[in-house]
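Work through the exercises below with the model open. Each task is followed by its solution.

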Amino acid sequence: MAEKLRFPNEYPEGMQVLYADHSRPQHPNYYPDVVYVERNRPLSLQIISQSNPGERNPALVFVQGSGWQPQKIKLYMPKLMAFARAGYVVVSVEYRYSEEAGYPAQIQDTRTAIRYVKAHAEELGVDPERIALMGDSSGGHTVLMSGLTDAADLDTPEYGEYSADVAAVIDYYAPTDMSQMFEIAGEGEIPEEVRQNLLLYRHAKTYEEARELQQLSNPLRYIRKERPLPPVLILHGDEDPIVPFHQSVILFEKLRACGHKAEFYKILGAGHGMGTWIPEVDDVVIRFLKAHV
């Protein structure tokens, strides 16, 4: 058998060198449609991970905004890949949309998903103490409510031995005080054609009930000096035509006034998501995660 030829390391004139980076994952895996709970139908997670079972990597639980309508959840997978490559187990949550279930179903589902991740931390390769929440638009509202509130009706029995507490919350252009965005005027029974336009509150029977839900679903009311809260990162385009920029201003001011850690970035010229999902913003989010998770 012929002897295998051996070639020395060669450095021809003009050749350039790049350096390998073994510190970051190169090829995260995608695990679609992992059912985490059965409601009136199965609800699933989309998971992107480079973790091996038994590892203890940080996790980023993401809630996609949809105006509380059915989520096109797989469309966001490319946007989330940057965080998986940065070393986070990314878990995107499907929630019950508003025609199925009104407030607080979406928050209950998200908190159940957090507890699922903790219950399955070993097989997912997750450190259960290093989980952050992130969401955009209505998903941003959902993660604010899930991460900042202490209302007893926001938890369901599934994985009840685990806490839904998280280490940090990242909010992309979320509505906060929706009473400032639109008024629910009227008395008595809500006509069906009006209820269909009430977004999160379409299951309210009366105007009084809808106004009460509007207040209960305001994350600002749960921010108090005496309650410890996770750090919050807020990102919002100043030309957002759907969720006014001021909605993030009042959230930031309330957090800071109560002595909580909060960072706020205006994205100059960005609309409602348009111009926001860019590498510069990803870098800010990753630095925030590294500091707190």
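Buried means under 20% relative accessible area, exposed over 50%, and partly exposed in between, with a 1.4 Å probe and protein chains only. This is a predicted model: local features need pLDDT of at least 70, side-chain atom pairs count only at pLDDT 80 or more, and totals for chains, interfaces and linings use all residues. Residues are numbered from 1 along each chain as its sequence is written, and side-chain values use heavy atoms, without hydrogens and water.

**Exercise 1.** Find the buried residues of H8 and what covers them.

Helices (H or I, at least four residues) and strands (E, at least two) are DSSP runs, numbered from the N terminus. In H8, the buried residues are Val281, Asp282, Val284, Val285, Ile286, Phe288 and Leu289. Their cover includes S3, H1, S5 (126–136), S6 (168–172), S7 (232–237) and S8, where contact means heavy atoms within 4.5 Å.

**Exercise 2.** Classify the pair of Tyr76 and Trp277.

Rings of Phe, Tyr and Trp (its six-membered ring) pair if their centres lie within 6.5 Å; planes under 30 degrees apart are stacked, over 60 edge-to-face, the rest tilted. The structure holds eight such pairs. The centres of Tyr76 and Trp277 are 5.8 Å apart and the planes stand at 80°, so this pair is edge-to-face. Tyr76 lies in the loop between S3 (57–63) and H1 (77–85), and Trp277 in the loop between S8 (262–267) and H8 (279–292), so the pair ties together parts 201 residues apart in sequence.

**Exercise 3.** Is Tyr76 buried or exposed?

Tyr76 has a relative accessible area of 12%, so Tyr76 is buried. Trp277, at 18%, also counts as buried.
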